[in-house]
Amino acid sequence: MKKNFFFALIIPALLLSTVTITEASTKVMWGKTELVKGQIGKVTVLNTTQVYQNNNDGIFKQSTRSLRKGEEFRVYSYKGQDGGFYGLGGGLFVKKSTVVKYETPSKSKLILLENNTFSNTPKEGKKYPDGWVAPVLKSAWSPKPATNFATLQNELGFYEGGHFYGIKGKSRNIIVNGDSGENEVTFIFYSWTDRNLPESYRIPIVAKELFKLYFGADAERVWNYCNNNDIPEQFTANGRTVKVSYIEVNGSVYFQVGKKK
């Protein structure tokens, strides 16, 4: 069962993405929308229909938003209750019915997307208006934990041995710790984006590079889970079992990243 762990930390948007990051690779277009990792299909609206919202209670409630005829939206999940709902991301759903057409991507589109993912990685990151230059992961994962923590510090801007990443107003927004048990590392996110913290746009950007280090080709899928506010409680990525929980006392999201099998 998926839970909207970041529901209180980001603003759900019908645009299906809370953060847009420019990639060096060419977009794979599918009709009016871009095909992305983690997407299972798309819906085309044949007639005006209502949008539903599903929070942590598992109950679908009509929102004030509606979808218009001719619009297309990515689908990231499907829930079979009450006749079926297509998940649009951000805790938003559209009911399965004759007024929406659901399609899955063709094999050729999926191959193109797979070949395109993480290709042409830029040597230098994008420079943003506030002067910040986005970090770019250049090193591969190492079986030596100390090497990976050095990569986090030297390439992605983490500090204190590669364990913490912060922004103005939240000095420890991401925490990465080693784990001597069944997990290799743990991640703690205290926010994804926050309208009250101007530098919070950096968190999803850095998170994507962090995920690349541990999840390889599956990083985009894991990033989409977070960015679309639709994170499974357990999933597999790059040969690792990942368990996710919401820590209500401090509003953080806790990832337990298993050792690579």
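The model is predicted, with local features requiring pLDDT of at least 70 and side-chain atom pairs counted only at pLDDT 80 or more, while totals for chains, interfaces and linings use all residues. Residues are numbered from 1 along each chain as its sequence is written, and side-chain values use heavy atoms, with hydrogens and water left out.

The average pLDDT (the predictor's confidence in each residue, from 0 to 100) is 85 for the protein, and 85% of the residues score at least 70.

Turning to the arginine, Arg-74 lies in strand β7, residues 72–75 (strands are DSSP runs of E, at least two residues, and helices runs of H or I, at least four, numbered from the N terminus). Arg-74 is buried (under 20% relative accessible area, against over 50% for exposed and in between for partly exposed; 1.4 Å probe, protein chains only). Even so, Arg-74 has no salt bridge (a side-chain nitrogen of Lys or Arg within 4 Å of a carboxyl oxygen of Asp or Glu). The nearest side chain of opposite charge belongs to Glu-34, 4.2 Å away (Lys and Arg count as positive, Asp and Glu as negative; His and the chain ends are not counted). The backbone of Glu-34 is also involved: its oxygen is reached by the Arg-74 side chain at 2.7 Å.

Aromatic rings come next. Rings of Phe, Tyr and Trp (its six-membered ring) pair if their centres lie within 6.5 Å, with planes under 30 degrees apart stacked, over 60 edge-to-face and the rest tilted. By this rule there are 21 aromatic pairs. One of them is the edge-to-face pair of Tyr-52 and Phe-85, at 5.2 Å centre to centre and 70° between the planes. This pair links distant parts of the chain, joining strand β5 (residues 49–54) to strand β9 (residues 85–89) across 33 residues. Tyr-52 counts as buried because its relative accessibility is 15%, and Phe-85 is likewise buried, at 3%.

Technical notes: A polar contact is a pair of N or O atoms within 3.5 Å; within protein, one must be able to donate a hydrogen and the other to accept it, and residues adjacent in sequence count only if both atoms are side-chain atoms.
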